[in-house]
Amino acid sequence: MSNTLAYPFSEIPPSAIRMEVASGVFWLRFPLPFALDHINLWLLRDGDGWTVVDTGLGVRPSQKIWKSLIGEQLDDLPLTRVIVTHYHPDHLGLAGWLEQETGAEVLISRGEWALTNSICDSTDTQTVDRLRHFLGSHGLLGDDLNKVAGKGNGFRRVVQPLPTEPGFLAAGDTLCIDGKNWIVHVGCGHSPEHLCLYRHEDHLLISGDQVLPTISSNLNVRASEPDADPVTDFVDSLKALRDNLPEDTLVLPAHGLPFRGLRARVDALVDHHDEQLDRVQAACQQRPQSAFDLLSVLFNRKLDVQQLMFAMGESIAHLNCLMLQGRVQREQVDGIWRFSA
Ligand SMILES: [Zn+2]
């Protein structure tokens, strides 16, 4: 979306090998079995131990990588703290397992922890029923609906065990890591209370999924909060980051390469969502549209099952935003919400 970003590191660390990107800050890259095929974790030297930000998906291959890391990459020092940026399973997945294996303390925000527990409390049947009802009312039907809703509570399976008694971080908190202060910033929209960590001394931002260099973070509306407006939440919290942090900030994202150019990136993301909103509104002016009808307007490509679920969330998110701005109205016809402008 933007060609004004600078990428100071062109080499990518092989999995299970750390690469130093700033004083005491190491980049770890773990594979993911999705279209988005990797996640970056950030390992921070912390006195006589280590803090890690994010953990990888809760599956055996990631546990294997962690075992080799603990044996070979931590200089025989213990992992003492695990910070989870947000509830998504590639970030939270192994937090509880690492707590068990190493005794590390887990830190997360209250909002992410509350959502984690409410999702995990849902049985397979409840999850399928809620998803079928919600996505069905937005026009996803037949085989597509069966594939997206048909697997039950998949989340629960890739975040077990959960951390037992995590500590909580909130916006404005300061964490001292290896004698240096990191300030907690909180983003919204991609997840309820997403933690970002900023090291003031050398302008470093661990951004998680809140700011990514080449892809736009997924904005999802959940069945439990069907009228949420994550687009406005996301855009507002991105603008706050842009306005509070210096332009030469080195952004360490959870996916893609470290980059400089935070303002340009935030502006490009804000423009992207403005354009998506305009496109959706224009389509709704031609004829009433369901969120499903709008997938071809928003995504001009073939979507696998996981992408289809993300895309439905994104479509509903933009419709909810337009509705709150008074730019579209909706009417339920034959059980399906149709939006017109
Ligand atoms: Zn995420």
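Visitor: Which residues lie nearest the centre of the second largest pocket?

Guide: In this predicted model, Ser191, Pro192, Asn220, Glu225 and Ala228 lie nearest the centre of that pocket, among a lining of 17 residues. The space in the second largest pocket is about 290 Å³, and its lining divides into seven nonpolar, six polar and four charged residues.

Visitor: What makes the space lined by Ser23, Gly24 and Leu44, among others, a cavity?

Guide: A space is called a cavity where a 1.4 Å probe fits but cannot get out, whereas a pocket is open. The structure holds one cavity of 30 Å³ or more, and the largest cavity has a volume of about 50 Å³. Its lining also includes Arg45, Ile177, Asp178, Lys180, Trp182 and Arg199. Strand S3 (38–46) and strand S9 (180–187) each supply at least two of the lining residues. By class, the lining of the largest cavity has three nonpolar, two polar and four charged residues.

Visitor: Which residues are the protein donors of the zinc ion?

Guide: They are His86 through NE2, His88 through ND1, His190 through NE2 and Asp209 through OD. A donor must lie within 2.8 Å of the metal, and these atoms lie 2.1 to 2.2 Å from the zinc ion; therefore they count as donors.

Visitor: Why is the site of the zinc ion called irregular?

Guide: The angles among its four donor atoms run from 91 to 167°. A tetrahedral site needs all angles between 85 and 135 degrees, so the value of 167° rules out that name. The site is classed as irregular.

Visitor: How are the donors of the zinc ion spaced along the chain?

Guide: The donors follow the spacing H-x1-H-x101-H-x18-D. His190 lies in the loop between S9 and strand S10 (194–199), and Asp209 in the loop between strand S11 (204–208) and helix H8 (230–244), so this pair ties together parts that are 19 residues apart in sequence. Both His190 and Asp209 are buried.

Visitor: Why does Cys120 count as buried, and why is Cys176 called partly exposed?

Guide: Buried means under 20% relative accessible area; Cys120 is at 8%, so Cys120 counts as buried. Exposed means over 50%, and partly exposed lies in between; Cys176 has 44%, so Cys176 is partly exposed.

Key. Residues numbered from 1 in each chain as written. Predicted model: local features only at pLDDT ≥ 70, side-chain atom pairs only at ≥ 80, totals over all residues. Heavy atoms only, no water. 1 Å grid on protein atoms, 1.4 Å probe; cavity = no way out; pocket = protein on both sides within 12 Å on 5 of 7 lines; lining within 4 Å. Points joined across faces, edges and corners; volume = space filled by probe spheres on them. Nonpolar A, V, L, I, M, F, W, Y, C, P; charged D, E, K, R; others polar. Buried < 20%, exposed > 50% of the residue type's maximum accessible area, 1.4 Å probe, protein only. Helix = DSSP H or I, 4+ residues; strand = E, 2+ residues; numbered from the N terminus. Donors = N, O, S within 2.8 Å, 3.2 Å for Na, K, Ca; no water. Tetrahedral: all angles 85-135°; square planar, octahedral: opposite > 155°, others 65-115°.
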